[in-house]
Amino acid sequence: MNIRTILFASVAALAAASGARAADAIVAAEPEPVEYVRVCDAYGTGYFYIPGTETCLSIGGYIRTEVRFGQQISGDSDVDFWTRGQVTFQTKNDTEYGTLTGVITLRYNADDASDQEALLDEGYLDIAGFRAGKLYSWWDDDMSGETDTLASNETTHNSIRYQYENGAFAAGISVEVYATKPGDGPNNFGVAGQVSYKAGAISAYLLAGYDTDTSEVAVRGIVYADIGPGTLGIAGVWASGANYYYEESEWTIAAEYALKINDKWSVTPGFQYFENIALEADGNGFTGGSAYTTGVTIDYQIVEDLRSKLSVQYHDEDEGDDEVFGFLRFQRDF
């Protein structure tokens, strides 16, 4: 066999081996496309699209810690340290009936390691003016300072409501089931309605609530006016008898002036007077006695998303002990 024959045989063998290996080669699969989170700016800042949907989601909340003081504010102690962590998930997307909103707020409160609670603070849906679920009632919308007491008992309820809004005017009605308290009968629910209007530097609203268990009503009005470097607020409440919405007194009047000193500091002095604070033997009516509360709230923005608040209040009532109470708060928002 000559050298030429050997070379041709070697080339043929190499070609056959290469073909066999090529048939068995593994081809890497193309990576699947990744859908990155997209910013959703249709509903303001902080929203992003949930991947694979057209629903926009925002996540926010705060961490709050307080030093509270007052007469036996925690057992036999006049001082109490308290902390809260809260997170809110809010979703929005457009429908043929308008924007569909869903809100879930989870709240965790802690006095210490052995005294803690976790709860659903809010959980509701909202569309075309209708809102249903566990939500804050209009009675929670009081003045900005810490002096006033313009609602009684809890202000979050399982509720359904409708609110009409047209520019500066709004009106609404709600039906809500509230938590029972001593003396309540079965099937406790209330009906509340409100109207509000804003014209220039003045805004006002009128709110009424009917407690079906006690068959009593409470009416509240608040007026705000931008005056000088701050906002003056005046409020009044009247109750036909003790009821879930208001049972602090037969009637009360309150005032505050929220003074904005600069971008970091604001000071809000306030005063409230209560008339007929004593309850009748059956707990439904008011008989007599008066009281007042006066104090000041100081807010200071330490840095962006970190705020502090100091509240110092003095309360005095007929045939009762006077009391100084309040808190120092630090809150980190996110």
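How many bridges pair strand 11 (residues 216-227) with strand 12 (residues 230-239), and in which sense do the two strands run? In this predicted model, the two strands pair over 10 bridges. The sense is antiparallel. Arginine 220 stands opposite valine 237 of strand 12. The hairpin formed by strand 11 and strand 12 has 2 residues between the strands. Within this hairpin, glycine 228 adopts a positive phi near 60°.

Strand 12 also pairs with strand 13 (residues 251-260). These two strands run antiparallel and are joined by 9 bridges. Leucine 232 is placed opposite tyrosine 257, a residue of strand 13.

A disulfide was examined next. The structure holds 1 disulfide. The bond joins cysteine 40 to cysteine 56, with an S to S distance of 2.1 Å. The pair links distant parts of the chain, 16 residues apart. Cysteine 40 lies in the loop between helix 1 (3-23) and strand 1 (48-49). Cysteine 56 belongs to strand 2 (residues 56-74). The disulfide is right-handed, because the torsion about the S-S bond is about 80°. Both partners are buried: cysteine 40 has a relative accessible area of 1%, and cysteine 56 has one of 2%.

Glutamine 163 sits in strand 7 (residues 156-166). Its relative accessible area is 17%, so glutamine 163 is buried, the cut-off being under 20%. The side chain of glutamine 163 takes part in two polar contacts. One, at 3.1 Å, reaches the side chain of tryptophan 138. Another, at 2.7 Å, reaches the side chain of glutamate 165. Beyond its neighbours within four places in sequence, glutamine 163 contacts Gly129, Trp138, Ala170, Ala171, Gly172 and Gln194.

Tyrosine 292 is part of strand 15 (residues 290-303). With a relative accessibility of 29%, tyrosine 292 counts as partly exposed, since this class lies between the limits of 20% and 50%. The C-alpha atoms of tyrosine 292 and glutamate 317 are 6.4 Å apart. Along the chain, these residues are separated by 25 residues. When residues up to four places away in sequence are not counted, tyrosine 292 touches Phe271, Gln272, Tyr273 and Phe274, and also Tyr314, His315 and Asp316.

Technical notes: Residues are numbered from 1 along each chain as its sequence is written. This is a predicted model: local features need pLDDT of at least 70, side-chain atom pairs count only at pLDDT 80 or more; totals for chains, interfaces and linings use all residues. Side-chain values use heavy atoms; hydrogens and water are left out. Helices (H or I, at least four residues) and strands (E, at least two) are DSSP runs, numbered from the N terminus. Buried means under 20% relative accessible area, exposed over 50%, partly exposed in between (1.4 Å probe, protein chains only). A polar contact is a pair of N or O atoms within 3.5 Å; within protein, one must be able to donate a hydrogen and the other to accept it, and residues adjacent in sequence count only if both atoms are side-chain atoms. Contact means heavy atoms within 4.5 Å. Two strands pair if DSSP finds at least two bridges between them. A disulfide is a pair of cysteine sulfur atoms within 2.5 Å.
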